[in-house]
Amino acid sequence: MIDHLISKKTKLAVVGLGYVGLPIALEFARKMSVIGYDIRQDRVALLRQGIDPSREMEPEAFRGKDIFFTHELEDLRQASFFVVAVPTPINENKQPDLGALLSASRAVGRVIKPGDYVVFESTVYPGCTEKDCVPLLEAESGLRMGTDFKVGYSPERINPGDKVHTLTTIRKVTSGCDAESSEQVARVYESIIEAGVFRASSIKVAEAAKIIENTQRDINIAFMNELSQLFDLMGINTFEVLEAASTKWNFLRFHPGLVGGHCIGVDPYYLAHKAKEFGYHAKIIEAGRAINDEMGHYVAKKAVKMMLAQDKVLQNSRMLVMGITFKENVSDIRNSKVADMVRELESFRVTVEVMDPHADVDEVFHEYGLRLVDSPSGAYDGIILAVSHKRFLGLALDELVASLRRPAIFVDFKANFRNHEMPEGVLYWSL
Ligand SMILES: NC(=O)c1ccc[n+]([C@@H]2O[C@H](COP(=O)([O-])OP(=O)(O)OC[C@H]3O[C@@H](n4cnc5c(N)ncnc54)[C@H](O)[C@@H]3O)[C@@H](O)[C@H]2O)c1
């Protein structure tokens with residue numbers, strides 16, 4: 001397979017050109033002929049102009065690449081190796097929503113032919129590729145997995161906003177439905193991943209490996225969030241405790257904070273959901289989710305208590321929230337827990353303004369009904385520094401608190417300013 005791809009006798013197709021699919025498609029397009037397919041015509045139109053609709057890839061990343069963008073399924077017939085990177089979110093009941101994955105599987109099933117490979121990259125629970133996706137590939141194609149076509153799974157591990165650990169410098173886990181496909185899939189990825197690949201023993205093992213990477217982070221952050229609430233009651237600053245504890249060589253470095261986004265706050269639900277099918281109640285995983293999902297509400301209530309301690313009348317109070325993206329220095333606003341916090345503050349009748357130079361104004365309005373402000377409009381009773389964007393941290397404390405009418409509160413999620421002397425009348429608090 002790899003020889004045919006490199007010699008361009010056949011093509012590689014990437015299905016779903018979002019945060020994961022586009023970088024992988026462009027990377028393969030350095031070496032082989034790639035078809036980038038997405039159901040969204042508007043995204044395809046932008047991609048054809050060298051614009052990444054997710055605003056992660058620069059226009060230079062498109063230059064000199066052998067890639068053709070399309071939303072026409074028929075174009076995929078020229079490909080023999082399919083990489084599927086469509087979203088796997090949760091629904092409003094926090095259950096896996098496999099809609100996009102199943103519909104992509106059906107679509108790919110309509111265009112594959114004997115000898116083809118289909119590799120899934122979307123994050124799923126163990127067993128999903130073989131139990132949920134393969135039956136659709138078989139039903140649509142009339143072909144049999146193993147004999148007619150092969151399937152693999154290779155999870156994406158990119159860390160949004162991280163310029164050090166990037167697609168090609170992160171070792172990639174690969175797998176296949178049998179020994180031959182396991183080897184072929186590994187070789188295809190080895191052609192672009194400088195850090196090399198790890199051949200997992202089965203598709204299920206590769207699926208499980210990916211999902212526990214994020215679940216492990218979620219649980220550890222939940223532990224920090226629990227400690228933060230406990231230490232607050234005890235009058236101890238959690239970040240000072242963590243600084244001291246981190247001097248031990250085997251202490252794990254995690255911090256309290258909001259867990260939003262499309263991975264860490266979502267993937268554990270996939271695992272917990274699958275566990276139930278086996279009659280197992282995933283107690284730690286679910287407890288971690290519950291703690292992390294509550295954090296936005298917890299901080300809002302804490303801010304309200306602080307304002308009441310300053311004799312503020314809540315319905316006359318104005319709050320500036322800095323940052324809405326799910327983490328620092330990225331534009332992604334999916335599952336923003338800051339939005340939960342804003343709603344909770346508003347439920348106490350506090351007027352809230354949100355600013356975020358990284359987020360798209362229309363997207364935020366569409367998703368959360370919040371109109372972002374460009375700059376502070378002044379006379380705030382409090383500031384919540386929710387996301388530690390470099391642009392915010394570059395501000396001097398005086399600039400930050402300039403828009404406050406004192407007495408006022410300053411909530412600094414990640415304790416960035418905890419070692420600064422607060423100006424008079426500013427009550428400071430961090431997680
Ligand atoms: N974003 C990350 O940092 C990251 C990291 C690791 C793993 N993942 C996983 O990778 C997968 C993709 O995530 P993402 O962040 O790239 O999602 P995304 O929302 O950025 O992009 C998905 C793309 O797929 C397209 N799409 C949806 N349904 C389709 C279909 N049926 N056929 C073709 N295209 C379709 C959408 O239009 C969109 O362009 C998810 O399973 C996610 O959990 C994401």
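**Entry 1: a term to settle**

I take partly exposed to mean a relative accessible area between the cut-offs for buried, under 20%, and exposed, over 50%. D232, with a relative accessible area of 23%, is therefore partly exposed. I also remind myself that I am working on a predicted model.

**Entry 2: the salt bridge of D232**

I looked up the partner of D232 next. Its side chain meets that of K302 in a salt bridge, 2.9 Å from N to O. D232 belongs to helix α7 and K302 to helix α10, so this pair ties together parts that are 70 residues apart in sequence.

**Entry 3: other salt bridges**

How many salt bridges does a search of the whole structure find? I got 30.

I picked R199 and E190, which form a salt bridge with their closest N and O atoms 3.1 Å apart. R199 counts as partly exposed at 32% relative accessibility, and E190 counts as partly exposed at 35%.

Then I went to D340 and R343, whose side chains meet in a salt bridge of 3.8 Å, N to O. Both residues lie in helix α11 (residues 337-347), 3 residues apart, or about one turn of the helix. D340 is buried, with a relative accessible area of 15%, whereas R343 counts as partly exposed at 43%.

D340 and R343 are linked in a network of salt bridges with K94, D218, R289, D293 and K337.

**Entry 4: the nonpolar cores**

Nonpolar side chains tend to be buried together in soluble globular proteins, and I wanted to see where that happens here. The largest nonpolar core has 54 residues. Which of its residues touch the most other members? I found V321, I324, M341, L345, I384 and F410. Helix α10 (residues 283-309) supplies the largest share of this core, with 8 residues.

Apart from it I found another core, made of 43 residues, among them Y37, A104, A200 and I203.

Leaving out residues up to four places away in sequence, V321 touches V338, M341, V342, L345, V352, E353, V354, M355, I384 and A386.

**Entry 5: helix α9**

Is helix α9 (residues 267-277) largely enclosed or largely open? I count 8 of its 11 residues as buried, so the helix is largely enclosed by the rest of the structure. The buried ones are D267, P268, Y269, Y270, L271, A272, K274 and A275. They pack against α7 (203-234) and α10. Just after α9, I noted that G279 takes a positive phi of about 75°.

**Entry 6: aromatic rings**

I describe a pair of aromatic rings by the distance of the centres and the angle of the planes. The structure holds 7 aromatic pairs.

F81 and Y117 make a stacked pair, 5.8 Å centre to centre with 15° between the planes. F81 lies in strand β4 (residues 79-84) and Y117 in strand β5 (residues 117-120), so the pair ties together parts 36 residues apart in sequence. F81 is buried with a relative accessible area of 0%, and Y117 counts as buried at 4%.

Y125 and Y270 form a tilted pair, with 6.1 Å between centres and 35° between planes. This pair links distant parts of the chain, 145 residues apart: Y125 is in the loop between β5 and α5 (128-141), and Y270 is in helix α9. Both Y125 and Y270 are buried.

I also found F410, F417 and Y428 in one aromatic cluster. F410 had already turned up in the largest nonpolar core.

**Entry 7: charges over rings**

Where does the charged end of K172 sit? I see it over the ring of Y189, 4.8 Å from the ring's centre. R371 lies over the face of F365, at 4.0 Å from the ring centre.

**Entry 8: domains**

Last, I checked the domain assignment of the protein, which gives domain 1 (2-201) and domain 2 (234-430). Their centres, taken over C-alpha atoms, are separated by 34 Å. The contact between the domains takes 19 residues from domain 1 and 18 residues from domain 2.

How values were computed: Residues numbered from 1 in each chain as written. Predicted model: local features only at pLDDT ≥ 70, side-chain atom pairs only at ≥ 80, totals over all residues. Heavy atoms only, no water. Core = buried A, V, L, I, M, F, W, Y, C linked by side-chain atoms within 4.5 Å. Buried < 20%, exposed > 50% of the residue type's maximum accessible area, 1.4 Å probe, protein only. Helix = DSSP H or I, 4+ residues; strand = E, 2+ residues; numbered from the N terminus. Contact = heavy atoms within 4.5 Å. Phe/Tyr/Trp six-rings, centres within 6.5 Å; stacked < 30°, edge-to-face > 60°. Lys NZ or Arg CZ within 6 Å of the ring centre and 35° of its normal. Salt bridge = Lys/Arg side-chain N within 4 Å of Asp/Glu carboxyl O. Domains from an automatic or database assignment.
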